[in-house]
Structures are given as structure tokens and as C-alpha cells.
Amino acid sequence: MAKGTKLTQSNRAGWAFAIPGFGLMVMFIILPFVFAIALSFTNQRLISPNPTQFVGLANYQQLLGVGMITLESERDDIGAIVFDDDGEAQFPRLRGYTRNNPDYPRIDGMREWFSWGNDESRTYVLARDVVFMKAIVNTVLFVIVVAPVQAGLALCLALLINQRLRGINVYRAIYFMPVVVSIVVVSLLWRFIYDGNDGLLNNLLSGLTFGAFEGRDWLGNPATALPSIMAMSIWQAVGFHMVIWLSGLQTISPTLYEAADIEGASKWQSFRYVTWPGLRNTAVLILIVITMQAFALFAQIDVMTNGGPLDSTQTIVFQAVERGYGKQDISGGSAISVILFVIVLTISLIQRYLTREKN
Amino acid sequence: MAAVAGDNHRLRLVVRYMVLTLIAIIFIFPLVFMVMSSLKPDQQLLSDTGSLRAFLPVGDLSFDNYRDAFARAPVGLFVFNSMLVTGVTVVLSLLICSLAAFSFVFLNWTGKGVVLSIILATLIVPFETIAIPLLLIASQLPWIGAEGLTFGWLNTYRIQIVPFIADGLTIYLFVQYFKDLPAELIEASRVEGATWLQIYRRVVMPLSGPVLATAAILKFLVMYNQYLWPLIVVQQESYRPVMVGLQYFFQLNIAWGEVMAYLSLITLPVLAFYLVLQRAFIASIASTGVKG
């Protein structure tokens, strides 16, 4: 580019061309982003007769407050542990500590999130907002599973499609097809696949095992609901990343493969020493894109489970929408948005750091 | 590929095609199920899920579900709304984003570097994190229309269009493409006394076919499949797009045949469009990655 020459120097035209786009982005992306941060320190509601007040970190404390307490089991008069009818050791009720107990102000109003221990003592991890904690854990779990699996499967598909075969374009077109179908439509269709009574998946598995497999309600069971949504999400989006891998593969010069062939490299060796180094930048890009998409998990949840069963599919964005829109609690929803952004930013910085070019 | 003995080679070829086909079935079966089910009465639809019949056009086939779907919900209106919102957004987005990119690549002006960095930085802000504050802003924005000055953009077409016109990815795509155009061409036109607007219209745009197609396809997919945003900003039937219109089919007794008919109706045109322009679709996704 001819930088700084008289011919291209033009402040007026430059701004005039850029301002419509930049203005819209300031108005509808940057301003809401700044608002999200600002509103998260207030008690703003969508419609409210009362003036908005600054509340400091209250929204964050409400969302992220966690505490811990270790309790000794109940003993009888002679000091033996009291067991209930099921043989479980008896512990004092948590409520005695978390409801208006002046000795434990820090955990006031919290609920049990999870606990561990033995018959003598038990440690309880408490959270002020247990549902939101579960939402964070589910979302992170979703990202940790989906990002590598989807990227890996997409690479396998790309390698499979990147061979010279008659009709290979037809296969490529089919693998990519779910990408152009709305995730809302896909989620509805997969409700049939996961259905507990006569779902397609149950029928397939029972057919493959000659009836040995007993059907289950995939989305109705807290243990299988989130994994089911993971599998479907991968199915829908894997074609997208296959295409990006494919474009990366096609930038690798064929002469490198010929050289590897002449050197007598095995298929694995030529992948390891020619293909993989050539895909470095693509890999970084794909990982960041999938991570960002995975953190935004919402439509699948909204259509398939509504966060259930037992909050096993609650996610951060689902919670943000439930507060900000459902309960019209703009400040709470904004605080969740900021937390989501901080997590996404942190993870993409970590990914950048781990995948940086080592000079 | 080294030459192998004939039979061995043929066997390997057969295995390859079998693997490819098996995977193709995995990707296509829910869509086949959708279309086949849309042609069947509810009872048969549900009983067919127990066998391969679910994927076959067998039994009592008709277009009744489609007729009933139109009777249950203003399907035509939803499709019209989606088309309008998508079409207008795509056109405006191509115009506004290409203008901005033109300015970033071909013009020099004070503040350019900062503005471009801010625009690219928005790429790591997921829309989901700004949706809630944007909802608040949208509920209070002013507008001058037929009724004079009004406040609040909820329940309109414009709230579904305007926020999505300019975005970092589209501008980035144009910037990358414009950078590869020969700069001499622009300088020559400048020497001949052409204005910047003339250069944009007569020199750069005619050369921008591929990137226009790419940007249009990506925007089309995003806009037609919008769900979260219209869900929270549009409560009135008259402005609802297709994905939100689905709610009409989930009342007490779900008529699955009608649901399938509706899903087919809103999906098949996009699939047809995709299959016709398949190369362009795939090239457009690929181009987002090449220069990462």
C-alpha cells in the first residue's frame, strides 16, 4: 500500500466512508458492552418505577459467593455417632448455620452445592447461587469436551475428504449440510432421536444389541442430558470446522508430500512432520472459534431441556437470558454477561499463550 | 498413490466408499426423517420411529400437515418477516462494511489504526454477552416515524436489522480481500481525477464478486437462523421470524406432523439454496480461516 502519499491522504473521505460502519458498531456492540459492565454494578431492571442505584459488587457476590463449612456428626450421650435408619451418619442441619446464625455471617443465605466426608465429619461447599454455579460448571464441561472432540473429528473428516476420489464433492456437501440448518431445527429433530419411549437412538441401540439394550430417556436423565446435547452440537457444527481444516490442508504444498514419499516416510510420519506443522495456524484459529461458540451454548438448551433435569443442563447464557429477560433483572443478567466475557477472554489468552510461536 | 495389485486396490476403494457413505448417513438421517415425517399422519409418524420406516416414504402420505400448519400459524407471515429482515440486513451490511473496509485499506486518515483495532477487538465479544444490555438500550432508543418521535425499538423490524448491519467479521473479510487488489489500479484512477466514491463504485466493487458472495452467505446464515435475539425483542406476532414462530406448534397437544411440516418448510429452501451454491457456501466458510 502506498502509505502516506498525497494521493491516498484524505481525512474527510476516510472518516466519511468508515463512520457508518464504525458508528453502528459503537452503538450496538461497544456501547452495550460498556453498559454491561456499568449495569452489573447497579440494580437496574428493564422496567422499574424506582431510580437505578449503585450497588457495588452485590450482583457478583450474589452470583459467585461460595463458602465452606465442616460439620461434626451428631453424637449421643456416650459419644457414639448417631446413625439414621438407612445407616447414614447424622449431621446437624445446615440451615442452622446458614439462616440468621450470627456466628456464621459469611455463609448466611447460602445453600449446599456439594459435600464430601466420612461418618465423623462432613465438608459442605456452599454457594449463594447454586444454579449459577452449576451453570458455570456445565458450560466449562461442555467446552472442555466439545472443543477438542469437535476439532479432532473435523480434522479426521477433512483428511478423509481431502483425497482424490470420484464423487468426493458430494460427500463433502453432505457432511457440511447440518451447518446450514438452524440449531433450533436440529435441536427439535434430535428430541425424537433422544426420546425415552420410542426414540430413534433407543431403537437403534436395541436393534444392534438384539434387544439387550434397555431404552433410556436420554434428555430426562441428569447423567445423560448434557452429554447428549454435546453429541448433537458436535454433529451439527463439525462440518463447519472440517471446511476450515480443509482449506488449511490445501495450503500445504504437494511437493512436501512428494519429498516425504521419496524419503520413505510412512503415512503417520508424513502426517506428523508435514501435515500437522502446516496446520498450526488453522489449529489455533479453530480452537478459538469453537471455544467461543461453545461458551455461547443457549438454543439447544432452550429447545431441548430448559436447563433441566435437576439443573444438569443449565448454562451461563441460559442463566443470563433467564435473569435479564425472563425476570427482567437487567443488572443480574449483565453481571452474568461480564463473567462470561471474562472467562472467554481468559481462555482465549491462555490458548494464545500455549499455542504461541516459539522463536 | 502407488499401484497395487488390481483386486486389492478395488477392495480398498470399496472400503473407502463404504466409510464415506456411512458417515454421510449419520449426517443426513435426521433431515430425511424430518421430510418423511412431514408427510405422515401423527399416529403413523410416531409408530414409524420404531423401525426403518421412519426414513421411508411409506404408508399414508399426504400434504395435510402442511395445510394444517398454515391453518395453525401465520406461516407465510413468519417466512416473509425472516426474508425481509435477512434480505435488508445482508444488503445494508455488504454496503456499509465494504465502504468501511475500503477506507481502511485505500485511504490514509488520522485515527485509522485505532478505529480498525477497536473493530477487530470486537471479534472476541460474543453476541450473547451484549444481548441483555442491548435489550435495555433497544427499549429506549428514539425513532422518528409516521407517528413523530417515539421511544423504544422493541417489536419492530428495525431492532432485528440495524444491530447486525456492521460487524467485525464482515469488515475483516473485506479488508483481507481489498488488500490483495492491485494498489496501482486505485492510484491510477486517482491520478485521472476520479473521486473516492467513483473508485469504490467503478473500480473496487466490480472486482469484489467473490468476497461479496462470501460475506452475503455468512450474513444470510446468521440472520435467517436468528433465535435468541428475536425471542427477547419481539413479542408481537406481526414481526416474528420463522425460528421464533415455532412456538405456535408447542401448545398442549403437540401435533408432530405439523411441526415436521413447518421445520421442512423453513429448512428446505435454505438447503436447496445451499445445494445449488454449494461451492460458494463452502468457499465462504473456508475463507474465514485461510488467513487466521
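Is A:Gln328 buried, partly exposed or exposed, and how many other C-beta atoms lie within 10 Å? A:Gln328 is partly exposed, with 16 other C-beta atoms within 10 Å; a residue counts as buried with 20 or more such atoms, as exposed with 12 or fewer, and as partly exposed in between, with C-beta atoms placed from the backbone. This is a predicted model, in which local features need pLDDT of at least 70, side-chain atom pairs count only at pLDDT 80 or more, and totals for chains, interfaces and linings use all residues. Residues are numbered from 1 along each chain as its sequence is written, while chains are lettered from A and ligands numbered from 1 in the order in which they are written.

**Backbone details in chain A**

- A:Gln328 has a positive phi of about 55° although it is not a glycine.
- This residue, A:Gln328, sits in the loop between α13 and α14 (330–354) of chain A; helices (H or I, at least four residues) and strands (E, at least two) are DSSP runs, numbered from the N terminus.
- A:Asn306, also not a glycine, has a positive phi of about 55°, and its place is the loop between α12 and α13 of chain A.
- A:Asn306 is exposed, with 12 other C-beta atoms within 10 Å.
- A cis peptide bond, with omega at about -15°, joins A:Gly308 and A:Pro309.
- A:Pro309 belongs to the loop between α12 (299–304) and α13 (316–326) of chain A.
- For background, most residues other than glycine have a negative phi, and most peptide bonds are trans.

**Around A:Glu74**

- The loop between β1 (66–72) and α3 (95–98) of chain A holds A:Glu74, which is partly exposed with 14 other C-beta atoms within 10 Å.
- Not counting residues up to four places away in sequence, A:Glu74 touches A:Val82, A:Gln90, A:Phe91 and A:Pro92; two residues are in contact if their C-beta atoms, placed from the backbone, lie within 7 Å.
- From A:Glu74 to A:Leu310 there are 236 residues in sequence and 29 Å in space, C-alpha to C-alpha.

**Where the two chains meet**

- Chain A brings 84 residues to the contact and chain B brings 74 residues.
- On the side of chain A that touches chain B, the elements supplying at least two residues each include α1 (11–39), α5 (168–180), α8 (225–249) and α11 (280–295).
- The helix that gives the most to this side of chain A is α1(A), with 20 residues.

**Chain B as a whole**

- Chain B has 15 helices and 2 strands.
- The radius of gyration of chain B is 25 Å, well over the 19 Å that the globule rule gives for 292 residues, so the chain is more spread out than a compact globule; the radius is taken over C-alpha atoms, and the rule is 2.2 Å times the number of residues to the power 0.38.
- Taken along the principal axes, the C-alpha atoms of chain B fill a box of roughly 75 × 70 × 30 Å.
- Of the 292 residues in chain B, 42% are buried.
- Among contacts in chain B with a separation of 6 or more, 72% come from residues 24 or more positions apart.

**Domains of chain B**

- Chain B is divided into domain 1 (1–62) and domain 2 (73–290), with bounds that come from an automatic or database domain assignment.
- The contact takes 9 residues from domain 1 of chain B and 7 residues from domain 2 of chain B.
- On the domain 1 side of that contact, α1 (6–37) and α2 (42–48) of chain B each supply at least two residues.
- Taken over C-alpha atoms, the centres of domain 1 and domain 2 of chain B are 35 Å apart.

**Two helices of chain B**

- Helix α14(B), residues 256–276, has 21 residues and reaches 29 Å from its first C-alpha to its last, close to the 30 Å expected; the expected span is 1.5 Å times one less than the number of residues.
- A bend of about 30° occurs in α14(B) at B:Thr267, and a proline, B:Pro269, follows within four residues; the bend is the angle between axes fitted to the seven residues ending there and the seven starting there.
- The buried residues of α14(B) include B:Trp256, B:Tyr262, B:Thr267 and B:Tyr274.
- Helix α8(B), residues 168–179, is mostly covered, since 9 of its 12 residues are buried; among them are B:Tyr172, B:Phe174 and B:Phe178.
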